[in-house]
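Please look over the sequence and the structure shown here. A short briefing comes after them.

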Amino acid sequence: MAWQKFTVDIPTNLKPDQRRELADLVIEHIFDRTNRGLDKNGKRFPGYSKEYVASLDFKVGGKSKSKVDLQLSGDMLAAMKLISHSSGKLLIGFDNGTLENDKAEGNILGTYGQPSPIPGKQRDFLGIQRRKLAELIDYVDTSSGIDGTNK
Amino acid sequence: MAQTNSKKSIRDIFKRLEDAIDKSIDAKQLRPIAKFTIDLIVKRTRLGYGVDRQFGTKKKLKPLSDQYIEYRRSLSGKSKPKSKTPKIFGARSVKLSEFTNATRSNLTLTGQMLDSMTILSERGKSISIGPQGKRNEGGPTNDQIADYQASQGRVFNRVSLLEFKQIVREYRRTFGDLLKKSKLIQ
């Protein structure tokens, strides 16, 4: 399984605490957007398979056919994190080699534990649109920082 | 008085939550967070996983014995047990919960124990959660069943580290900084 992560290019003038705040906002945006059933390009996730809808996990998870949100236990999205940051860059994703990383890969590639992707079942959530990123950068760059701390 | 396995104070969860958000939690906010925590624990257990220690890693619950699976199959009416049912398994007249099947190890037979999970007591920032009450068929109470399961290595009334992160997110979005930033992160 490959390591699931992506690099976010950011202005080099952002200080470390601003980079952490920005990463937090990017991650929370990804969670919010995924929770609303949208992939990294703002498109609706493909629907669940008939087999999954009929499964015990689907019932136990209290899931609905009309809400594809990549959450059963919720652990995968909870595991998404800022892996590292440096001037001009954030690296966001999952700890390599973890079950959550593998789940993410299954969703991103549409493989779900199979050797090949299942056609039409890719659910790539790991990324952010440029316009949204610019909005978050602007907020961090112009706000007074986390908890009102002055720059 | 020592905590039993069934009852669990989630004071340590609230303390760690306060550390994570770097501010004190209002007592009024504890109840919804406690209920969110209960829902997480119940769902995870029904999916077939337990957590041995607070903030640990979830692990698949110990598999069911062949004899117990046979008993569970007989409850769904799909087969008759080949051997005499041990008394410890329970009555022959109970109905298998919709949230399980004959072979899944998820601490669910009729569903009463996990359905009974609730806030047991509240005092300041100390809240205890756990199963409670009697069962429809009589016999051991729900917390006694939970204690028995724990003695067999099936501990469920704890929160994993990733579940804790879900609790932090829920707090932040409901009461904390993300509530104010909700439009920003959409």
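The model is predicted: local features need pLDDT of at least 70, side-chain atom pairs count only at pLDDT 80 or more, and totals for chains, interfaces and linings use all residues. Residues are numbered from 1 along each chain as its sequence is written, chains are lettered from A and ligands numbered from 1 in the order in which they are written, and side-chain values use heavy atoms, leaving out hydrogens and water.

**Strand 3 of chain A**

- Strands (E, at least two residues) and helices (H or I, at least four) are DSSP runs numbered from the N terminus.
- Strand 3 (residues 89-93) of chain A is largely enclosed by the rest of the structure, because four of its five residues are buried (under 20% relative accessible area, 1.4 Å probe, protein chains only).

**Its partners in chain A**

- Two strands pair if DSSP finds at least two bridges between them.
- Strand 1 (residues 5-9) of chain A runs antiparallel to strand 3 of chain A and is joined to it by five bridges; A:Asp9 stands opposite A:Lys89.
- Strand 2 (residues 81-86) of chain A is also antiparallel to strand 3 of chain A, with five bridges; A:Leu82 has A:Ile92 as its bridge partner.
- The hairpin of strands 2 and 3 of chain A has two residues between the strands, and A:Gly88 takes a positive phi near 85 degrees there.

**Chain B**

- Chain B contains seven helices and five strands, in the order β-α-α-β-β-α-α-β-β-α-α-α along the sequence.
- Of the 186 residues in chain B, 51% are buried.

Note on methods
Buried < 20%, exposed > 50% of the residue type's maximum accessible area, 1.4 Å probe, protein only.
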